[in-house]
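Please work through the following exercises on aromatic contacts with the model open beside you. Each task is followed by a solution in steps.

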Amino acid sequence: MLIIGSHVKYNKDSQMLGSLEEALGYGATTFMFYTGAPQNTSRSEINEKLVEEAQKRMKEEKIDCSKVIIHAPYIINLANNKDFDKYQFSIDFLKEEMKRCEQLGIDKMVLHPGSHVGLGMSKGIENIIDALNQILGETKVTILLETMAGKGSEIGSDFKEIKKIITGVKDKNHIGVCMDTCHMNDAGYDVNDFDTLLEYFDEIVGLEFLQCIHINDSKNEKGARKDRHENIGFGTIGFDSLIKIIYHEKLKEIPKILETPYVDEYSPYKQEIEMIKNKKFNEDLKDIIKAG
Ligand code: FE
Ligand code: FE
Ligand code: ZN
């Protein structure tokens with residue numbers, strides 16, 4: 001079975017049960033959510049009753065909760081310790097977030113490695129390693145480092161940087177990688193020749209660390225270091241290349257998550273998932289989405 005889903009909403013009233021229902025409405029077989037707003041760290045208490053209900057619904061719908069992903073808020077930055085209080089806050093927040101994951105029964109959390117903001121690549125990587133060594137091990141949750149586009153001083157746009165972080169992390173059982181097709185394209189990797197790219201990733205990082213992949217087309221050319229997602233088949237990567245990745249033999253067990261943009265105010269995910277299942281590009285997709 002194809003393990004595909006998208007980013008879905010999460011609110012304090014319906015929590016993961018609401019996220020799951022949204023995903024089911026898209027015909028998804030997995031999903032990804034933030035435990036609150038992606039851009040801030042205010043989080044509400046987890047309701048045990050809702051967790052139970054969500055877990056029960058997942059079983060009924062045959063959704064494997066080990067393939068469901070939580071995304072850490074993107075304002076967390078483990079690379080920069082210039083403001084030590086902020087750095088410590090990021091560490092403490094992530095420890096709490098790991099506990100929330102565990103309470104929800106989710107064991108995978110995607111994290112942007114961070115931006116060094118002038119400290120330099122090697123100092124930034126050192127800070128990330130130190131932070132992760134404080135964070136990992138208290139829970140069963142695995143942190144998946146996302147491959148980044150390389151905007152500003154972002155760390156993790158080069159597989160070698162990801163490798164350095166993993167090498168420094170002591171708890172190798174709880175560290176992994178989440179690829180992002182838009183980010184890899186924007187970082188300068190040739191996503192259109194995915195077999196070669198996957199071989200290279202295996203050589204540098206190790207395929208065993210790959211546990212999630214974000215499927216996004218890109219608005220920009222390869223190497224643009226921009227990070228602007230586009231709907232499937234409407235960008236510079238293109239439909240056929242993304243389909244090849246989604247159905248790749250070696251990625252069968254890995255959850256594929258869409259983070260493509262809304263079309264006006266409409267979610268594209270139901271139509272995109274349908275198009276992916278049909279394996280046929282529909283150039284009218286955006287109009288169909290807008291028509292509801
Ligand atoms: Fe991300
Ligand atoms: Fe992503
Ligand atoms: Zn992105």
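The exercises below concern ring pairs and charges over rings in this predicted model.

**Exercise 1.** Classify the pair formed by the rings of Phe159 and Tyr189, and state where each residue lies.

*Solution.* The model has a count of 13 aromatic pairs. For the rings of Phe159 and Tyr189, the centres are 4.2 Å apart and the planes stand at 15°, so this pair is stacked, given that planes under 30 degrees apart count as such. Turning to location, Phe159 belongs to helix H5 (residues 159–168), whereas Tyr189 is in the loop between helix H6 (181–187) and helix H7 (194–204), so the contact ties together parts that are 30 residues apart in sequence. Phe159 is buried at a relative accessible area of 1%, and Tyr189 is also buried, at 14%.

**Exercise 2.** Classify the pair of Phe234 and Phe281, and decide whether each residue is buried, partly exposed or exposed.

*Solution.* The centre-to-centre distance is 5.2 Å and the angle between the planes is 65°; since an angle over 60 degrees counts as edge-to-face, Phe234 and Phe281 form an edge-to-face pair. Phe234 is partly exposed with a relative accessible area of 25%, and Phe281 is likewise partly exposed, at 30%.

**Exercise 3.** Which ring does the charged end of Lys286 sit over, and which ring lies under Lys279?

*Solution.* The charged end of Lys286 is placed over the ring of Phe234, 4.9 Å from its centre. Lys279, in turn, lies over the face of Tyr247, at 4.2 Å from the ring centre.

Notes. Residues are numbered from 1 along each chain as its sequence is written. Chains are lettered from A and ligands numbered from 1 in the order in which they are written. This is a predicted model: local features need pLDDT of at least 70, side-chain atom pairs count only at pLDDT 80 or more; totals for chains, interfaces and linings use all residues. Side-chain values use heavy atoms; hydrogens and water are left out. Rings of Phe, Tyr and Trp (its six-membered ring) pair if their centres lie within 6.5 Å; planes under 30 degrees apart count as stacked, over 60 as edge-to-face and the rest as tilted. Helices (H or I, at least four residues) and strands (E, at least two) are DSSP runs, numbered from the N terminus. Buried means under 20% relative accessible area, exposed over 50%, partly exposed in between (1.4 Å probe, protein chains only). A charge sits over a ring if NZ of Lys or CZ of Arg is within 6 Å of the ring centre and within 35 degrees of the ring normal.
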